[in-house]
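Hello,

Here is the structure I promised to pass on to you. Have a look at it first, and then read on for what turned up in it.

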Amino acid sequence: MFEYSYPDARGHFGPYGGSFASETLTHALEELSQAYAQYQNDPDFLAEFRYELAHFVGRPSPVYHAARMSQEMGGAQIYLKREDLNHTGAHKINNVIGQAMRDWVANVDNTFYIIGTVAGPAPYPAMVRDFQSVIGTECLTQMPELLKQQHIAAEQPDVVVACVGGGSNAMGIFYPYIPFETTKLIGVEAAGEGLESGKHSASLQKGSSGVLHGNRTFILQNENGQITETHSISAGLDYPGVGPEHAWLQELGRAQYVGITDQEALEAFHYLCRTEGIIPALESSHAVAYAMKLAKTMRADQSILVSLSGRGDKDIGTVADLTGGDYYDRPSMRGHTVKGGPAA
């Protein structure tokens, strides 16, 4: 088993993370750290958290075997962790429940709330990760039976794939799998118009170490340390940094990070709609697109688990504007192949 215990007492994941915040915020962050240390193992808090996840969010979210997609790829079996079925339609609600949203609204003068991804000053990267880890924890229970149904000997997937912007959905599914060395972890960044185009959001592949939003991580910056402009078809991946734990997992070699372009994500969006009747968020479409590529290189007795981090209702307008009415008349969409895989 892979030994892993991060962050340290000061919120560091190796050289990344920490708390780079002004002195005026130091006291508030220390209070938050102490409170989270107290409540993360408090039975009453955990019971309320689990109750809300079940009765408000609608957890556990199912894992779905994308049978037709798997068959058409001709390789590994593809499974989708359906975070798109959560109340509000995405994984973000897991963290909102954990952080006192209702209390914040009622006591806005003396409470605060910050970015919902695994970034920011300590303790936010670890706190958000812990709340989101319900995703992977459920998968550990769900996957053995699903794989058994397909006569696959392994109890857990060979690969876990998730899109990465700031990285909350990815850390949520990666974290419980970190000790399982036989399961590869692959994060998919937004390659935009291409990794060499300069129009992308691939912080881990094209960035360098720096400080952004209160933590040290990998960021997209110029030679003077100024943040550079980013681009992605997906608003949720259009971010010039990434959670510090992802930077550390990459450095350790425990996770691998790859890129998917706007066009590949868009084609995967349409492909999943047609083959499985599921409308994925454009963020999630990046993960789907890479899983489709990867599946073709694997055997039918192997498996890929994809974090389908959100539903695509919000993206229909964007997709319509980008594709136009002639999209399905294009040669690549007439029953042959598209970059992401064969058309229906």
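Let me begin with a charge and a ring: the charged end of arginine 254 sits over the ring of phenylalanine 2, 5.8 Å from its centre. Please keep in mind that this is a predicted model. A second case involves arginine 129, which lies over the face of tyrosine 175, at 3.9 Å from the ring centre.

Both of those rings belong to a cluster, in which ring pairs link Phe2, Tyr4, Tyr6, Tyr175 and Trp248. In the structure as a whole there are 11 aromatic pairs. Take tyrosine 6 and tryptophan 248: their ring centres are 5.5 Å apart and their planes meet at 70°, so this pair is edge-to-face, as planes over 60 degrees apart are. The two residues come from distant parts of the chain, 242 residues apart, with tyrosine 6 in the segment before strand E1 (12–13) and tryptophan 248 in helix H10 (residues 244–252). Tyrosine 6 is partly exposed at 27% relative accessibility, whereas tryptophan 248 is buried at 11%.

Tyrosine 39 itself is partly exposed, with a relative accessible area of 37%.

Now to the helix that holds arginine 129. How many of the nine residues of H6 are buried? Eight of them are, so H6 is largely enclosed by the rest of the structure. Among the buried ones are Tyr124, Met127, Arg129 and Phe131. The loop between helix H5 (101–106) and helix H6 (124–132) contains threonine 111, which is partly exposed at 22% relative accessibility.

Which strands pair with E4? Strand E10 (residues 303–308) pairs with E4 in the parallel sense, over six bridges. In that pairing, tyrosine 79 stands opposite leucine 305.

Enjoy exploring it!

Best wishes

Technical notes: Residues numbered from 1 in each chain as written. Predicted model: local features only at pLDDT ≥ 70, side-chain atom pairs only at ≥ 80, totals over all residues. Heavy atoms only, no water. Phe/Tyr/Trp six-rings, centres within 6.5 Å; stacked < 30°, edge-to-face > 60°. Helix = DSSP H or I, 4+ residues; strand = E, 2+ residues; numbered from the N terminus. Buried < 20%, exposed > 50% of the residue type's maximum accessible area, 1.4 Å probe, protein only. Lys NZ or Arg CZ within 6 Å of the ring centre and 35° of its normal. Pairing = 2+ DSSP bridges.
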